[in-house]
Amino acid sequence: ERTKMAEHLTTGVNGEQLACQWLQQRGMQVLHRNWRHGREELDIVARDGRFLVIVEVKTRSSARHGNPEDSVGEAKQRKLMKAGEALVLSMEEDLELRFDVLSITHSPAGPQYLHIPNAFYPLP
């Protein structure tokens, strides 16, 4: 059971590493990894033109357990938004906030990426 947990953690870290490379290859500038606001943590904060993009990275070792993007529930979204707003306020520049989900599923053919820009919207 212990090795399972460790494996899960390395899958996550490895996923974030892959995610950063993937985003950078698409012209995004990675500003922060694991940015903390109180108890909330933002996986990746990137800059995409006029957008400050909060990227929630979901990594799976296989596609068996459903879609990674489905695991970002409403409560999680609210927490990400709260942290995202705090981050925007801490920045010099006035950027628009965008929330993306980048799901990475490991497969025999290598990592499969599913990028969902504007996966959810800031609540009014």
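Which residue in strand 3 is the bridge partner of Ala-46?

1. The bridge partner of Ala-46 is Val-53, a residue of strand 3. The model is a predicted one. Strand 2, residues 40–48, and strand 3, residues 51–60, run antiparallel and are joined by 5 bridges.

2. The sheet these strands belong to is open, with 5 strands in the order 1-2-3-4-5 and mixed pairing. Its edges are strand 1 (29–37) and strand 5 (112–120), each of which pairs on one side only. From one strand to the next, the twist averages 30 degrees. As background, the strands of a sheet pair through backbone hydrogen bonds, in either a parallel or an antiparallel way.

3. Helix 2, residues 74–89, lies across strand 1, strand 2, strand 3, strand 4 (96–105) and strand 5. The helix runs at about 60 degrees to strand 2.

4. Ala-83 is a residue of helix 2. Ala-83 counts as buried because its relative accessibility is 0%, the cut-off being under 20%. Leaving out residues up to four places away in sequence, Ala-83 touches Trp-35, His-37, Glu-40 and Leu-42. Arg-36 is 47 residues from Ala-83 in sequence, yet their C-alpha atoms are 7.8 Å apart.

5. Asp-100 sits in strand 4. With a relative accessibility of 0%, Asp-100 also counts as buried. Its side chain makes a polar contact of 2.8 Å with the side chain of His-115. A polar atom of the Asp-100 side chain also lies 3.1 Å from the backbone nitrogen of Asn-118.

6. Setting aside neighbours within four places in sequence, the contacts of Asp-100 include Met-28, Val-53, Ile-54, Val-55 and Glu-56. Also among them are His-115, Ile-116, Pro-117, Asn-118 and Ala-119.

7. The largest nonpolar core has 16 residues. Those with the most contacts inside this core are Leu-42, Val-45, Leu-52, Ile-54, Leu-87, Phe-99 and Phe-120. At least two of its residues come from each of strand 2, strand 3, helix 2 and strand 4. Helix 2 gives the largest share, 5 residues.

8. There is a second, separate core of 14 residues, which includes Ala-19, Phe-51, Val-53 and Ile-104. In soluble globular proteins, nonpolar side chains tend to be buried together.

Methods:
Residues numbered from 1 in each chain as written. Predicted model: local features only at pLDDT ≥ 70, side-chain atom pairs only at ≥ 80, totals over all residues. Heavy atoms only, no water. Pairing = 2+ DSSP bridges. Helix = DSSP H or I, 4+ residues; strand = E, 2+ residues; numbered from the N terminus. Axes fitted to C-alpha atoms, helices over the stretch in contact; angles between N-to-C directions. Contact = heavy atoms within 4.5 Å. Buried < 20%, exposed > 50% of the residue type's maximum accessible area, 1.4 Å probe, protein only. Polar contact = N/O pair within 3.5 Å; in protein donor to acceptor, adjacent residues only side chain to side chain. Core = buried A, V, L, I, M, F, W, Y, C linked by side-chain atoms within 4.5 Å.
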